[in-house]
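User: I am new to this structure and would like a close look at one helix and its surroundings. Please take it step by step, then widen the view.

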Amino acid sequence: MLCCKHLSPTQFRQITYSPATTNYSTKSNISMDSGSNSQEPTFEFLAKKAYIPPSWAAHLNPLPSHIFSLGHFPTPIHKWNLPNLPKNTEVYLKRDDLSGMQLSGNKVRKLEFLMADAVEQGADCIITIGGIQSNHCRATAVAAKYLNLDCYLILRTSKVLVDKDPGLTGNLLVERLVGAHIDLVSKEEYASVGSVALTDLLKEKLLSEGRKPYVIPVGGSNSLGTWGYIEAIREIKDQLQKQNGVTFDDIVVACGSGGTIAGLSVGASLSDLGAKVQYSSFLPRIITTNTPKVHAYCVCDDPEYFYDYAQGLLDGLQAGVNSRDIVDIRNAKGLGYAMNTPEELTFVKEIAQATGVVLDPVYSGKAAYGLMKDMAENPGNWEGRKVLFIHTGGLLGLFDKTEQIGPLVGNWRRMDVHESVPRKEGTGKMF
Ligand SMILES: Cc1ncc(COP(=O)(O)O)c(C=O)c1O
């Protein structure tokens with residue numbers, strides 16, 4: 001779970017990062033780090049580079065100094081032929097589920113900045129924390145190993161499971177394969193002590209052993225991690241420029257710890273995405289501006305909590321904007337974090353069968369369910385609009401739901417192969 005009620009945004013902002021130097025070429029957003037051996041080939045992937053922010057974000061403070069290339073960007077955007085859309089509504093999908101790093105989804109964008117900072121600070125290991133099926137923890141475990149760092153994960157589980165082997169379902173399999181160290185805590189311990197005290201405890205222990213740990217907060221959602229989705233806005237803007245005037249009226253995304261919506265909304269409000277009209281389906285009026293509004297569907301806590309949390313992240317960047325002006329947050333928690341109703345899972349199945357796109361049940365599945373429900377109940381609010389939905393990944397979470405999903409999917413039978421069918425030569429016999 002990536003909820004973090006007990007954490008204040010100020011606590012996240014206490015993580016410091018080095019200010020950017022400005023003497024780099026401004027031709028591209030990144031330039032190769034000076035000091036690299038000119039004899040060595042300079043492959044872009046897994047390289048640390050000096051970071052140059054987009055001009056419209058250059059006044060934010062502090063600016064990251066470096067970025068690690070961990071993902072495969074730009075991620076594609078394509079039309080998503082969802083069934084039963086309101087009249088003339090078009091939905092496009094930004095495939096951040098295809099961002100790479102072993103299905104790491106939206107977490108790659110944050111980790112590109114966080115891991116660069118860890119390396120800049122001379123860390124030899126990373127500590128982070130989350131729920132037992134945390135996508136963020138798994139993404140961090142993979143990123144750490146890519147960079148030859150050890151990874152320590154504190155995972156929250158139920159009281160009855162906390163003393164048992166956590167198993168190999170979904171994200172756990174990848175975490176354990178890449179050799180992450182796992183410390184289990186109960187939900188009760190997590191709630192009473194809080195994630196900051198828990199990571200501090202582990203940090204002290206590692207420091208006393210002579211290690212140099214770098215702590216990444218829940219979901220990678222601090223002000224530095226926010227840059228991941230500021231960069232994503234630059235990427236979307238570049239993609240739109242190549243599409244001869246295509247614009248979006250709305251951007252829709254899931255929210256679990258707040259960093260993604262903070263980056264998207266401040267990026268969308270500062271940049272000119274070239275969109276036509278901004279409309280908030282939750283306000284009784286049309287707001288005319290050229291900025292698409294970000295609609296967030298939160299899957300834990302509640303909208304008020306996330307408005308405040310995002311505000312802390314934005315204040316940490318001295319953005320001078322009010323979160324309530326730049327993002328609409330709606331509740332899509334349903335039964336609770338990482339819990340699904342049969343209707344939600346049936347929706348995930350139906351979307352997969354109608355469009356080939358598999359949504360995760362915990363984040364994008366709930367956000368898309370909330371969006372489609374609103375479109376069905378209030379079609380007039382969405383008619384004629386172009387909507388960009390960001391698929392933030394999390395597919396390994398589906399493996400934690402196989403028992404619930406099993407009865408929903410059918411379509412198999414024993415093939416009837418009569419022994420009289422003559423053999424024809426093909427590719428091997430496969431045994
Ligand atoms: C797959 C997936 N989608 C969306 C989110 C939400 O992003 P954020 O934590 O930045 O709010 C998360 C993490 O919480 C996630 O793992």
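Analyst: Start with the helix α11. In α11, Glu 344, Leu 345, Phe 347, Val 348 and Ile 351 are buried. A residue is buried if 20 or more other C-beta atoms lie within 10 Å of its own, exposed if 12 or fewer, and partly exposed in between, with C-beta atoms placed from the backbone. Seen down the axis of α11, these buried residues fall within an arc of 150°, so they line one face of the helix. The arc is that of the directions from the helix axis to the C-beta atoms. An α-helix has 3.6 residues a turn, so residues three or four places apart point the same way. On the other side of α11, Pro 342, Glu 343 and Gln 353 are exposed.

A word on the basis. This is a predicted model, where local features need pLDDT of at least 70, side-chain atom pairs count only at pLDDT 80 or more, and totals for chains, interfaces and linings use all residues. Residues are numbered from 1 along each chain as its sequence is written. Helices (H or I, at least four residues) and strands (E, at least two) are DSSP runs, numbered from the N terminus.

Now the length of α11. It has 14 residues and reaches 20 Å from its first C-alpha to its last. That is close to the 20 Å expected at 1.5 Å a residue. The expected span is 1.5 Å times one less than the number of residues. Just after α11, Gly 356 takes a positive phi of about 80°.

What covers the buried residues of α11? The cover includes α12 and α13 (402-405). Contact here means that two C-beta atoms, placed from the backbone, lie within 7 Å.

Follow α12 next. This helix spans residues 364-377. It has 14 residues and an end-to-end reach of 20 Å, C-alpha to C-alpha, close to the expected 20 Å. Its buried residues include the run Ser 364, Gly 365, Lys 366 and Ala 367. Ala 368, Tyr 369, Gly 370, Leu 371 and Met 375 are buried in α12 as well. They pack against α11 (342-355), and also against strands β10, β13, β14 and β15 (386-391).

β13 covers residues 293-298, and six of its six residues are buried, so it is largely enclosed by the rest of the structure. Lys 293, His 295 and Tyr 297 point one way from β13. Val 294, Ala 296 and Cys 298 point the other way. Strands pair if DSSP finds at least two bridges between them. Six bridges join β10 to β13, and the two run parallel. In that pairing, Val 253 stands opposite Ala 296 in β13. β13 also pairs with β14 (residues 327-331), again in the parallel sense, over five bridges. There, Val 294 stands opposite Val 327 in β14.

β10 takes us on to the ligand. β10 (250-255) supplies at least two residues of the shell around the ligand, as do α3 (135-146) and α8 (259-270). The shell has 19 residues, and Gly 256, Ser 257, Tyr 363, Thr 392 and Gly 394 come nearest. A residue is near a molecule or strand if its C-beta atom, placed from the backbone, lies within 6 Å of it. By class, the shell has four nonpolar, 14 polar and one charged residues. Here Ala, Val, Leu, Ile, Met, Phe, Trp, Tyr, Cys and Pro count as nonpolar, Asp, Glu, Lys and Arg as charged, and the others, Gly among them, as polar.

Ala 319 sits in the loop between α9 (303-316) and α10 (323-326). It is buried, with 24 other C-beta atoms within 10 Å. Not counting residues up to four places away in sequence, Ala 319 touches Leu 60, Val 266 and Leu 314. Ala 319 and Leu 270 are 49 residues apart in sequence, yet 9.2 Å apart in space, C-alpha to C-alpha.

Finally, the whole chain. The protein chain holds 13 helices and 15 strands. Buried residues make up 44% of its 431 residues. Of the contacts with a separation of 6 or more, 76% join residues 24 or more positions apart.
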